[in-house]
Structure formats: structure tokens, C-alpha cells
Amino acid sequence: MLLKNPNLADFEYKTVENLVYYRDILVGNLTLPSSTLPAKGSAILPCPLVLQIDKFVANLGDILQDILQRKIVIETKANMPGKITVLGIFKAHLNTTSHCKLVLSVPSMEVVDQVCDLEAKL
């Protein structure tokens, strides 16, 4: 997973569970290990994705319709509590949340569209 920190402060966060939804049904999760994102930096973090296939295809008609349309839309939601450090001196708690909508092409499963809403609260 690619994480970006557009801010002018380092962001240190705890382990994060990112929930994966298909048609408003929780179908999986992935866990990001604790880390620090440098100011104006990014990081690619390996993280296992766990999908519950039985929930993913619970409504077989929906998944077949998506496959015929050659796209699958999934959503991810994550809450990432942590702290920021400015100039290596000043520290403050920060809670970030993300809600992303991803459109995957079928059968390649490449991301063809992505829209994310991000919030940060001190």
C-alpha cells in the first residue's frame, strides 16, 4: 500500500486496520504496521489483504453483473491515530480517517479510478 504525507510534519502512527467493503458489505481487511511517514514523504508498505470470499460473493447476481460490466467497485475505510512532530520539537496528537472508492477492471483487477476523502483532526 502506498501512503503519502503531504504535510510539513512527520506523522507517526500506530497499527491501522483498513476495512474493505463490496456493495456496503464488509468483505475483508488489511493491516498496516506502525511506522512514521516523513514530512512531504511517502512509503510503500507491504501488508496482507484478507478477503472473505464467502461474503464477497454472497449475492452472486451482483458479482456476476459487475463481471459482465468488466468493473468491480470496492470501498476502503480506515482510522489512523498518531502524532505529528514539527521541526523535531513540537508534538501533537492527530487522528486521520480515509474513505476511498476504487474501481477495478475485470479481469486484470487494475485500479482504473480512485477517489478518496481524507480528514485530519488535531
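Reader: How many salt bridges does the structure hold?
Author: In this predicted model, the structure holds two salt bridges.

Reader: Okay, and which residues are linked in a network of salt bridges?
Author: The network of salt bridges links R23, D62 and D66. R23 forms a salt bridge with D62, where the closest N and O atoms are 3.5 Å apart. R23 lies in the loop between β3 and β4 while D62 sits in helix α2, which covers residues 60-68, so this pair ties together parts that are 39 residues apart in sequence.

Reader: Is D66 buried or exposed?
Author: D66 has a relative accessible area of 6%, and because buried means under 20%, D66 counts as buried. R23, by contrast, is partly exposed, since its relative accessible area is 37% and that value falls between the limits of 20% and 50%.

Reader: Switching topic, what volume does the largest pocket have?
Author: The largest pocket has a volume of about 1100 Å³. The elements that give two or more residues to its lining are β1 (2-4), β3 (16-22), β4 (25-32), β7 (49-51), β8 (71-86), β9 (90-105) and β10 (111-121).

Reader: Which element gives the largest share of that lining?
Author: That is β9, which contributes seven residues to the lining of the largest pocket.

Reader: How many residues line the largest pocket, and which lie nearest its centre?
Author: The lining is made up of 38 residues, and those that lie nearest the centre of the pocket are M1, L2, L3, S98 and C100. Sorted by class, the lining of the largest pocket has 27 nonpolar residues, along with nine polar and two charged ones.

Reader: Now V27, in which strand is it found?
Author: V27 is found in strand β4. With a relative accessibility of 0%, V27 counts as buried.

Reader: What does V27 touch, leaving out residues up to four places away in sequence?
Author: Apart from those sequence neighbours, V27 touches V20, Y21, Y22, V50, L51, Q52, K55 and F56.

How values were computed. Residues are numbered from 1 along each chain as its sequence is written. This is a predicted model: local features need pLDDT of at least 70, side-chain atom pairs count only at pLDDT 80 or more; totals for chains, interfaces and linings use all residues. Side-chain values use heavy atoms; hydrogens and water are left out. On a 1 Å grid over the protein atoms alone, a cavity is a set of points where a 1.4 Å probe fits but cannot get out, and a pocket is an open set with protein on both sides within 12 Å along at least five of seven lines; lining residues have an atom within 4 Å of a point. Grid points are joined across faces, edges and corners, and a volume is the space filled by probe spheres set on the points. Helices (H or I, at least four residues) and strands (E, at least two) are DSSP runs, numbered from the N terminus. Ala, Val, Leu, Ile, Met, Phe, Trp, Tyr, Cys and Pro count as nonpolar, Asp, Glu, Lys and Arg as charged, and the others, Gly among them, as polar. Buried means under 20% relative accessible area, exposed over 50%, partly exposed in between (1.4 Å probe, protein chains only). Contact means heavy atoms within 4.5 Å. A salt bridge is a side-chain nitrogen of Lys or Arg within 4 Å of a carboxyl oxygen of Asp or Glu.
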